[in-house]
Amino acid sequence: MGKAAVVEALADIRAALAVLVAEVDGCGGEPFCAADPLAGLADGCLDVLAGAREVEARVAGLKARAAVAYADAAGVVAGPRVPVVAQEMAVAAEIGCVLALGPRAASSFLATSHALSDFLPRTAAALNNGTLSWQHATVMADETAGLDAAGAAALEAHFLDSEAPDAARGCPVGELPAHRFRAKARSWRERHHGESIEKRHAKSVADRRVEYRPDRDGMAWLGAFLPADQAAAAWNRLTAISRGVQGSGETRTLTQLRADTFAGAILGGGSVAAGIAGGAGHAAGHGPGSGPGTRTVDGIRDGAGTGDEADLPRSPIRAQVLVTVPVFSLLGLTDEAAVLDGYGPIPPSMARRLVAEGAGSFYRVLVDPRDGAPLEIGRTRYRVGKAMRNWLRLRDGKCPFPGCSNTSLDTEADHILAWADGGDTGISNLGQPCPKHHRLRHTTGWKPTPATKNEPPGWISPSGRHYHSEHQDWEPPVWPPGFVDHDRTAPELERAEPRPLQRVPFSVADLSRIDYSLAEACLDRILHPPSA
């Protein structure tokens, strides 16, 4: 066997690939469907793509195993006299040359391969059986880095073990794009990290900064590393201002308008008009408003204009988003993370501040202490239709189309069964696709599947294939020490004797605006429901 077996196996793989290429090119021995060859070819190509995805994953698993085996064998051959760091560099260099990877990419590949082999058995198994791609495996290795062995095993089990007590719901991880899996894994990691999110945030906030990076074609990147609430608020405000500028006479895309508004707010003294006009003038090759009292800086008008531009509001920036807060966390009894719509877990102190100071912009959502499901959405200033839309945003979190990351602020409510066809305006008959996928649904053969109160719709493609939706990872909140016995069932909790709530002090500018009475009323209603 040995090398001869390897050569023979690789030859068989090449021969199999040649067969598949011939089938895709329509040169196979027989058509996919004699009755409708073109439709059969289209469906057959999708089968080839699905099979190729599985084979790619298996090949990636094979490469990882081969890299680890080579590293181990090479280390033994080199002997103990070779310094460890030098040996690692030598191994990475050899693997990089074989796979045509640069030094950094080769080292990263080898590190991920070792993580799969040594610490992530479920991920390695899923990769080897073709249900998880290399990109997914890399995400798992990245998100478990820094966790202890128990934490890494728990994260793996949550996403890869369907029999786990808190297994992830909805679309299987292997069917999610890797970037969507990263978002879900990051959220889980933030909630279950051994060190509280408050402590980690306190360390990270010291690293806030603005970065500048030149790019090609006379362009450059300017970005800021900020606390999540500030970044989300700024992004949503840029989006809202830019959407307000769109119209029949506006040729720029929303993305371009955001950039122009951002530049105008920084260079134009906070002027919306400066950013909008500046971007248009720069695109045309000249600066805007070159008359008396104005000057331009790289096509952006500064704040020394004539005063006719519409200034940005001077009030503090606030994002128009939902903040999901566990009841106990809002009361200060635990330090469990809250969830900021469009971002993910945030420190509880940040959530309390947003609820206390952002009553007109942030809408708090209380969750059931028993299972983490939503309890109630603030409706102080909303009609029923708006409250339903907020619940829809809470249920889906983003556009429910497979792989789409557009947040709930960019989506549009849509009847799954059309009103004209007898559909009602209830949560179970509503989806919230982004504008692009809303148009896709009504202009092509893509159709949503039925939804429920707590589950967004899936999708059926024109080929008839069904794709699962991505579900929210709700889970029971953390109970305060001594407040309840964790081994009791939900009916036992409902019959539990009342226990006094002891609020834990925390630093917030205006505690009086937090609706403690509502939180305590919800909690009392759960644990001690009125008798029938």
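**Terms and values**

Biologist: Why is Arg 122 called partly exposed?
Modeller: Arg 122 has a relative accessible area of 35%. Buried means under 20%, exposed over 50%, and partly exposed in between (1.4 Å probe, protein chains only); Arg 122 is therefore partly exposed.

Biologist: On what kind of model do these values rest?
Modeller: This is a predicted model, in which local features need pLDDT of at least 70 and side-chain atom pairs count only at pLDDT 80 or more, while totals for chains, interfaces and linings use all residues. Residues are numbered from 1 along each chain as its sequence is written, and side-chain values use heavy atoms, with hydrogens and water left out.

Biologist: Which residues does Arg 122 touch, not counting residues up to four places away in sequence?
Modeller: Arg 122 touches Ala 153, Glu 156, Ala 157, Leu 160 and Asp 161, a contact being heavy atoms within 4.5 Å. The C-alpha atoms of Arg 122 and Glu 156 are 6.6 Å apart, although 34 residues separate the two in sequence.

Biologist: Why is Cys 45 called partly exposed?
Modeller: The relative accessibility of Cys 45 is 23%, so Cys 45 counts as partly exposed.

Biologist: How do you know that Cys 399 is in no disulfide?
Modeller: A disulfide is a pair of cysteine sulfur atoms within 2.5 Å, and the nearest cysteine sulfur to Cys 399, that of Cys 404, is 3.7 Å away. The structure holds zero disulfides.

Biologist: Why does Cys 399 count as buried?
Modeller: Cys 399 has 0% relative accessibility and therefore counts as buried.
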